[in-house]
Amino acid sequence: MKRSIITTSDGSKTIQIGEWNEQYHSIHGAIQEAKHVFIKMGLNHFLELHKVKSMRVLEMGLGTGLNAFITALEAEIRNLHIHYEAIEAFPVLKHELSQLNYPSLLANKNQESLFETIHDVSWATPNSITTNFTLTKVQQYFSKLEYFSLFDLVYFDAFGPRVQPDLWTPDMFRRMFNALKPRGVLVTYSAKGSVRRAMQSVGFFVERLEGPPGKREMLRATKPA
Ligand SMILES: C[S@@+](CC[C@H](N)C(=O)[O-])C[C@H]1O[C@@H](n2cnc3c(N)ncnc32)[C@H](O)[C@@H]1O
């Protein structure tokens, strides 16, 4: 499918799949969405509840690496160690990555190269990106994942249920539920009723929260203790 680079409302770029009329991020602001959904409602929320020095994050859909990059920068600010595992079946190409403006918008001069490092490191092995951020990239289909009680936080960032309904099912959320430790948290930008019910049906406690700019609501699911 043809992918092109577009500029979103906050000035940050994203990738668009024209055929699907679907983007890797919100057209109302890629960086604003990532910071709101995954950092504010996910990472910050988890760290407010749990005073940990080290944690494990699973990302469903590495894509452009924006969420991984912002999380690596947060790990520096907080002096926290994050083990980050990112799943991706269709890696973004080098010439697409070179058109994304996240390093100049988000990082200082010393940190800008982290974005490239995230993409350059090898797949299937843990890579130390900074002293605070270890990244394992896994090139695999979401439907093949079988993790048990490994992660504190899941960033569920698949394409939307309109275009990939098979990724928003009870079966998929059962895999996420199993992947999380007790009290683990999953965040996603979708607020669809069927998604919320799929999460609840596998045992998650689900909250509807204020969404990022341009979106009324989002969802946060917590695995009971
Ligand atoms: C919404 S984008 C992810 C955006 C990403 N988190 C970012 O910050 O750029 C969804 C991602 O899921 C990947 N994907 C789609 N279907 C998949 C599948 N069945 N298994 C694994 N990855 C898939 C896509 O290639 C895409 O990179």
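This report describes the sheets, helix packing and ligand shell of a predicted model.

## The three-stranded sheet

Strands S1, S2 and S3 make an open sheet in the order S1-S2-S3, and the pairing is antiparallel. The edges are held by S1 (3-7) and S3 (22-23); each has a single partner strand, so one side of each is left without a neighbour in the sheet. In general, strands of a sheet pair through backbone hydrogen bonds, in either a parallel or an antiparallel sense.

Five bridges join S1 to S2 (residues 13-17), in the antiparallel sense. Thr7 has Lys13 as its bridge partner in S2, and Ile6 has Thr14. The two strands form a hairpin with five residues between them, and Gly11 in that turn has a positive phi of about 90°.

S2 and S3 run antiparallel and are joined by two bridges. Gln16 is partnered by Gln23 in S3. Here too the strands form a hairpin, with four residues between them, and Asn21 in the turn has a positive phi of about 50°.

## The eight-stranded sheet

A second open sheet contains eight strands in the order S6-S7-S5-S4-S8-S9-S11-S10, with mixed pairing. S6 (126-130) and S10 (205-210) are the edge strands; each has a single partner strand, so one side of each is left without a neighbour in the sheet. On average, neighbouring strands of this sheet are turned by 20° against each other, direction ignored.

Within this sheet, S4 (residues 54-60) and S8 (residues 151-156) run parallel and are joined by four bridges. Glu59 stands opposite Tyr155 in S8. Helix H2 packs on the sheet, where it touches S4, S5 (81-87), S6, S7 (133-138) and S8. The direction of H2 makes about 175° with that of S5.

## Packing of H1 on H2

Helix H1 (residues 30-49) packs with H2 (residues 66-78) at an angle of about 55°, and their axes are 10 Å apart. That angle makes H1 oblique to H2. The crossing of H1 past H2 is right-handed.

On the H1 side, the contact is made by Ala30, Ala34, Lys35, Phe38, Ile39 and Leu43. On the H2 side, the residues are Leu66, Asn67, Ile70, Thr71 and Glu74. By class, this contact has seven nonpolar, two polar and two charged residues.

## Packing of H2 on H5

H2 also packs with helix H5 (residues 113-120), at an angle of about 125° and with the axes 10 Å apart. The two helices are therefore oblique to each other. Their crossing is right-handed.

Ala68, Phe69 and Ala72 of H2 meet Leu114, Phe115 and Ile118 of H5. The contact of H2 with H5 has six nonpolar residues, with no polar and no charged ones.

## The ligand shell

There are 16 residues around the ligand, and those that come nearest are Gly61, Gly63, Thr64, Leu66 and Ala89. By class, the shell divides into nine nonpolar, five polar and two charged residues.

Note on methods. Residues are numbered from 1 along each chain as its sequence is written. This is a predicted model: local features need pLDDT of at least 70, side-chain atom pairs count only at pLDDT 80 or more; totals for chains, interfaces and linings use all residues. Axes are lines fitted to C-alpha atoms, for helices over the stretch in contact, and angles run from 0 to 180 degrees between N-to-C directions. Angles under 35 degrees count as roughly parallel, over 145 as roughly antiparallel, 65 to 115 as roughly perpendicular and the rest as oblique. A crossing is left-handed if the near helix is turned anticlockwise from the far one by less than a right angle, and right-handed if clockwise. Two residues are in contact if their C-beta atoms, placed from the backbone, lie within 7 Å. Ala, Val, Leu, Ile, Met, Phe, Trp, Tyr, Cys and Pro count as nonpolar, Asp, Glu, Lys and Arg as charged, and the others, Gly among them, as polar. A residue is near a molecule or strand if its C-beta atom, placed from the backbone, lies within 6 Å of it. Two strands pair if DSSP finds at least two bridges between them.
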